[in-house]
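Reader: I have a chain open and would like to go through it with you. Can we take it piece by piece?

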Amino acid sequence: MYTPIVKWKKGEQKALLELSTDAKDKILPLFSLGVSINVKDKFCPEVDRIWNKRKYYVYFEQDWFDGIEEDDSDKFAEEVYTILERNYSLLDPLYAIPVFDLSNHYTIVRWLKDEKGEQVI
């Protein structure tokens with residue numbers, strides 16, 4: 001299995017679309033999405049059309065969080081989590097595999113608890 005990092009630009013989308021079914025079946029891409037990409041109106045319909053019900057990793061780049069004052073507080077972590085939750089909830093959970101920045105422990109723990117239906121402390 002090959003995992004390319006794809007910035008979701010037009011040329012990369014076209015290249016993915018032109019791959020054979022056999023080639024696509026051997027790839028598990030990581031789609032790295034900048035804040036300029038409209039997840040609901042652009043990414044979701046395009047990934048469905050181009051990647052056609054296959055699994056993929058998705059990562060929201062740092063520029064999604066540029067307006068947040070970065071510190072070690074729960075408020076910062078909560079704001080980051082809110083942005084991630086809003087975007088990940090738009091993706092098809094059968095195919096989209098979330099990728100998190102490992103330095104953001106709070107967000108990872110919170111997301112896992114929410115996915116399991118446990119109360120967040």
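Reader: Where does proline 45 lie?

Author: Proline 45 is in helix α3. Helices here are DSSP runs of H or I of at least four residues, strands are runs of E of at least two, and both are numbered from the N terminus. This is a predicted model, in which local features need pLDDT of at least 70, side-chain atom pairs count only at pLDDT 80 or more, and totals for chains, interfaces and linings use all residues. Residues are numbered from 1 along each chain as its sequence is written, and side-chain values use heavy atoms, with hydrogens and water left out.

Reader: Is proline 45 buried, partly exposed or exposed?

Author: Proline 45 counts as partly exposed because its relative accessibility is 39%. Buried means under 20% relative accessible area, exposed means over 50%, and partly exposed is in between, with a 1.4 Å probe and protein chains only.

Reader: What is proline 45 in contact with, leaving aside neighbours within four places in sequence?

Author: Val39 and Lys40. Contact means heavy atoms within 4.5 Å. Proline 45 and leucine 91 are 46 residues apart in sequence, with 9.9 Å from C-alpha to C-alpha.

Reader: OK, the whole chain. What pattern does it follow?

Author: The order along the sequence is β-α-α-β-α-β-α-β-α, which comes to 5 helices and 4 strands. Of the 121 residues, 37% are buried.

Reader: Which residues touch the most other members of the largest nonpolar core?

Author: Trp8, Phe31, Phe43, Tyr56, Phe60 and Leu91, in a core of 27 residues. At least two core residues come from each of β2 (30-33), α3 (39-51), β3 (56-60) and α4 (74-88). The largest share is that of α3, with 6 residues. A nonpolar core is a set of buried Ala, Val, Leu, Ile, Met, Phe, Trp, Tyr and Cys residues joined through side-chain atoms within 4.5 Å.

Reader: And what is tryptophan 8 in contact with, beyond four places in sequence?

Author: Its contacts are Gln13, Leu16, Phe31, Ser32, Leu33, Ile37, Phe43, Glu46, Val47 and Ile50.

Reader: Take glutamine 13 from that list. Buried or exposed?

Author: Glutamine 13 counts as buried because its relative accessible area is 7%. It is found in helix α1 and, leaving aside neighbours within four places in sequence, is in contact with Trp8, Glu46 and Ile50.

Reader: At what angle do the axes of α1 and α3 cross?

Author: Roughly 30 degrees, and the axes of α1 (residues 10-18) and α3 come within 8 Å. The axes are lines fitted to C-alpha atoms over the stretch in contact, and angles run from 0 to 180 degrees between N-to-C directions. Gln13, Leu16 and Leu17 in α1 meet Glu46, Arg49, Ile50 and Trp51 in α3.

Reader: Changing topic. How many cavities of 30 Å³ or more does a search of the whole structure find?

Author: The search finds 1, and the largest cavity has a volume of about 50 Å³. On a 1 Å grid over the protein atoms alone, a cavity is a set of points where a 1.4 Å probe fits but cannot get out, and lining residues have an atom within 4 Å of a point. Points are joined across faces, edges and corners, and the volume is the space filled by probe spheres set on them.

Reader: Which residues line the largest cavity?

Author: Val47, Asp48, Trp51, Asn52, Lys53, Arg54, Tyr56, Asp92 and Tyr95. Helix α3 supplies the largest share of the lining, 3 residues.

Note on methods. 1 Å grid on protein atoms, 1.4 Å probe; cavity = no way out; pocket = protein on both sides within 12 Å on 5 of 7 lines; lining within 4 Å.
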